[in-house]
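Student: I would like to go through a structure with you, starting with its strands. Could you take my questions one at a time?

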Amino acid sequence: MKKLLLWMLVFLAGVAGARAQAPVDITGTWQGTMQPQGAPRELRILLKITKDDGVLKVVAYSIDQGGAPMNATAASLKGDTFTFEQAALAAKYEGRLAPDGKSMTGTFAQAERPTPLNFAKVNPEAAWEIPKPPERPKPMDKSYDPVFDVATIKQSNPDTPGINFRFGVRRFQTINTTLVDMLKFAYKLQDKQLSGLPSWANEIKWDVDGRPDGEGQPSADQWRSALKKLLVERFQLKFHTEDRELPVYLLEQAKGGQKMSLNESGPDRGAGLLFRGPGIFTAQNATMADFAGLLQETLLDRPVLDKTGLGTAHYDFKLTWQPDATQFGGRFANAPVFDPPRPDLYTAVQEQAGLKITPAKAPAQVFVFEKTEKPSEN
């Protein structure tokens, strides 16, 4: 009798354990609020989780930031731990499900800045309404070469931190930018490709605000073209170009080939290339020419030549590394060593994107300036 009772107790404990370990159905609608550091108010976040052939799919909506859908690039449920990532935003969520499967407690981190974010599972009728996204402006005709119909240039507020280039709806702005910054952006150049400029060109900072002529929303290259004309006119630029043998970097495929995700959404959507913090970079719908241009304009201390052979294909990828004094013009020379440790840029590019950056000497185009004037008052 005692043996029978003991066996029954063991059996019942096993049944209870099996029930506790039974998988929870995480599919459905979840919502919660978070307040990122520095944000003026809480943000409402809604998740729609589905399963397709056994693979979890997550679409996130930030209700108070327009509600545009953000598709997770990876999602998993292991035991009671749920995670999803959005590579283009350098964002990751990790939460722990409650035993009843109706709530989860976790943390949302973007660019490695964590914020508490807890979710509750809700019926669709109780879910927050997702705002209708604004209509995308009609793109400008690709053959049109715009100029700024209205533009102002004024010296920046000296207390303004950082630099910024903004593409709004039919509005272009630069904030806290030197003439050198603007030339590098407009012509996709590196500092060593600019010669003959006066010292003030890299010292005085300007704000530009311009609106294009023509109809439709300019592409990034059309904005650059309009800025070129504005700089020539307002800074009275006279220059010529010539090829010079310079120290350069070659951007090539590493052994084993590239490791990036092909983006087939189409070139009309434009490329998203963003630094989301020191040593955190995301690319969305970007060609290797886009990436090489950004490396030489913003990050590295030499021109960068695209030798990947990947042509006009568009890719999504993310890089995380430890910046050093040779990058970003030395702005992060004293960046803290991250914990856990990150690889250097060259290792990160090879391991995370399947590319390599190789120093070399090669002919590169140099802009030689013969005349430069400070712009007149608007």
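Student: Which residue is the bridge partner of S195 in β22?

Tutor: The bridge partner of S195 in β22 is V368. Please note that this is a predicted model, in which local features need pLDDT of at least 70, side-chain atom pairs count only at pLDDT 80 or more, and totals for chains, interfaces and linings use all residues. Residues are numbered from 1 along each chain as its sequence is written, and side-chain values use heavy atoms, with hydrogens and water left out.

Student: What packs on the sheet, touching β22?

Tutor: Helix α5 (residues 345-353) packs there, touching β16 (238-253) and β22. Contact means heavy atoms within 4.5 Å. The direction of α5 makes about 120° with that of β22; axes are lines fitted to C-alpha atoms, for helices over the stretch in contact, and angles run from 0 to 180 degrees between N-to-C directions. Helices (H or I, at least four residues) and strands (E, at least two) are DSSP runs, numbered from the N terminus.

Student: In what order do the strands of that sheet come?

Tutor: The order is β14-β22-β16-β20, in an open sheet with mixed pairing. β14 (194-195) and β20 (304-306) each have a single partner strand, so one side of each is left without a neighbour in the sheet. Two strands pair if DSSP finds at least two bridges between them. β14 and β22 (residues 355-371) are joined by two bridges in the parallel sense.

Student: How many bridges join β12 to β13?

Tutor: Five bridges join them; F165, for instance, has T174 of β13 as its bridge partner. Two residues lie between the strands of this hairpin, where R170 takes a positive phi near 55°. On to β15: β13 pairs with β15 over four bridges, with F172 partnered by G210 and Q173 by D209.

Student: Is β13 largely enclosed or open?

Tutor: It is largely enclosed by the rest of the structure, because six of the seven residues of β13 are buried. Buried means under 20% relative accessible area, exposed over 50%, and partly exposed in between (1.4 Å probe, protein chains only).

Student: Why does the span of α3 agree with expectation?

Tutor: At 1.5 Å a residue, the 15 residues of α3 (220-234) should span 21 Å, and the end C-alpha atoms are 21 Å apart, so the two agree. The expected span is 1.5 Å times one less than the number of residues. Q236, which follows α3, has a positive phi near 50°.

Student: Changing topic: how many cavities of 30 Å³ or more are there?

Tutor: The structure holds one. On a 1 Å grid over the protein atoms alone, a cavity is a set of points where a 1.4 Å probe fits but cannot get out, and lining residues have an atom within 4 Å of a point. About 40 Å³ of space lies in the largest cavity; grid points are joined across faces, edges and corners, and a volume is the space filled by probe spheres set on the points.

Student: Which helix gives the largest share of the lining?

Tutor: α4 does, with four residues. Among the lining residues are F291, L294, W321 and V349.

Note on methods. 1 Å grid on protein atoms, 1.4 Å probe; cavity = no way out; pocket = protein on both sides within 12 Å on 5 of 7 lines; lining within 4 Å.
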